[in-house]
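Hi everyone, thanks for coming. Please have the sequence and the 3D view open while I talk.

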Amino acid sequence: MKSSDLYVDHLAWCGLVALYMARKNGAVTSPVEENLFLCRWLATAEKKRLFRRELASDIRWLLKEGREKGLRSDLPGKLEYLWRASSGDILAQNDLFRLQHVIHAIKLTGINYGVLTESEWGGRYAAKLSPKVPGLYIRSKDLDTAFDSNGAQIKPLCVRITAEPTAVDSLLCRSGWRQEADNETPFLHRFYACNKDDNGNVEGSTGFNE
């Protein structure tokens, strides 16, 4: 998925507006109907060549996702991700929102994502992870305690990564996050939200006392 392609924000914005209007008019009233509507909308866009040719591969990919995966494709979510990723307003959001954006991006790439309970995280019944299966797994406890009521990070977020770290780094960077590897524990990393200046530009990283 070439989400950095020029004009992709226009494609995503048009799709979201079309879906909003369909909801408002009562033509779409359920997630199933939303998926069907967007599949038809994308098919029409492809057939009539309503968008620039640079977007042809993106349209085909979205259409394939919607047809093959149905509700699991989450086409509305994909369009929102593409719009936010291209429109440049992500860094203005709080830490928790930007983490959710990272997770959605992870899923888009095909990397496995999961939330592990304490028993799955460590101990006798810990989940067995393999570097042959690219994945990113967050400790459930940290999701509950790492953010305050305003969505700001207040402690490091423990994550296990079996995917290529550089691929994850690029997704994190776009959303104002970074990761540090734990050199003593296999696959263990910690996520940190980056600080932002008054213009919303990343200028460093938040520090914590663990």
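Before anything else, keep in mind that what you see is a predicted model. Let's begin at aspartate 95, which sits in helix α5, covering residues 95-109. Is aspartate 95 buried or exposed? Its relative accessibility is 11%, and buried means under 20%, so aspartate 95 counts as buried. What lies close to its side chain? A polar atom of the aspartate 95 side chain is 2.9 Å from the backbone nitrogen of glutamine 153.

Now compare that with tyrosine 125. You'll find tyrosine 125 in the loop between α6 (118-121) and β2 (135-139). Its relative accessibility is 60%, so tyrosine 125 counts as exposed. Which residues does tyrosine 125 touch, if we skip those up to four places away in sequence? The answer is Ser119 and Glu120.

And here is one in between. Glutamate 46 belongs to helix α2, residues 31-48. With a relative accessible area of 34%, glutamate 46 is partly exposed. Leaving out residues up to four places away in sequence, glutamate 46 touches Ile59, Arg60 and Leu63. Have a look at alanine 56 as well: glutamate 46 and alanine 56 are ten residues apart in sequence, and their C-alpha atoms are 7.1 Å apart in space.

Let's zoom out to the whole chain. How many helices and strands does the chain have? There are eight helices and six strands. If you read along the sequence, the pattern is α-α-α-α-α-β-α-β-α-β-α-β-β-β. The chain has 210 residues, and 40% of them count as buried. Among contacts with a separation of 6 or more, 56% are between residues 24 or more positions apart. As for the surface, the chain exposes about 12200 Å², with carbon and sulfur atoms supplying 49% of that.

So what about the inside? In soluble globular proteins, nonpolar side chains tend to be buried together. In this model, the largest nonpolar core has 43 residues. Phe51, Leu136, Val168, Trp177 and Phe191 are the ones with the most contacts inside that core. Helix α1, residues 8-24, gives the largest share of this core, with seven residues. There is also a second, separate core of five residues, including Leu116, Tyr137, Cys158 and Leu188.

I'd like to finish on helix α1. At 1.5 Å a residue, the 17 residues of α1 should span 24 Å, and the end C-alpha atoms are 24 Å apart, so the two agree. Which residues of α1 are buried? They are Val8, Leu11, Ala12, Cys14, Gly15, Ala18, Leu19 and Ala22. These residues cover an arc of only 160° around the axis, which means that they lie on the same side of α1. Just after α1 comes glycine 26, with a positive phi of about 85°.

Technical notes:
Residues are numbered from 1 along each chain as its sequence is written. This is a predicted model: local features need pLDDT of at least 70, side-chain atom pairs count only at pLDDT 80 or more; totals for chains, interfaces and linings use all residues. Side-chain values use heavy atoms; hydrogens and water are left out. Helices (H or I, at least four residues) and strands (E, at least two) are DSSP runs, numbered from the N terminus. Buried means under 20% relative accessible area, exposed over 50%, partly exposed in between (1.4 Å probe, protein chains only). Contact means heavy atoms within 4.5 Å. A polar contact is a pair of N or O atoms within 3.5 Å; within protein, one must be able to donate a hydrogen and the other to accept it, and residues adjacent in sequence count only if both atoms are side-chain atoms. Accessible areas come from the Shrake-Rupley method with a 1.4 Å probe; for residues, only the protein chains shown count as cover. A nonpolar core is a set of buried Ala, Val, Leu, Ile, Met, Phe, Trp, Tyr and Cys residues joined through side-chain atoms within 4.5 Å. The expected span of a helix is 1.5 Å times one less than its number of residues. The arc is that of the directions from the helix axis to the C-beta atoms.
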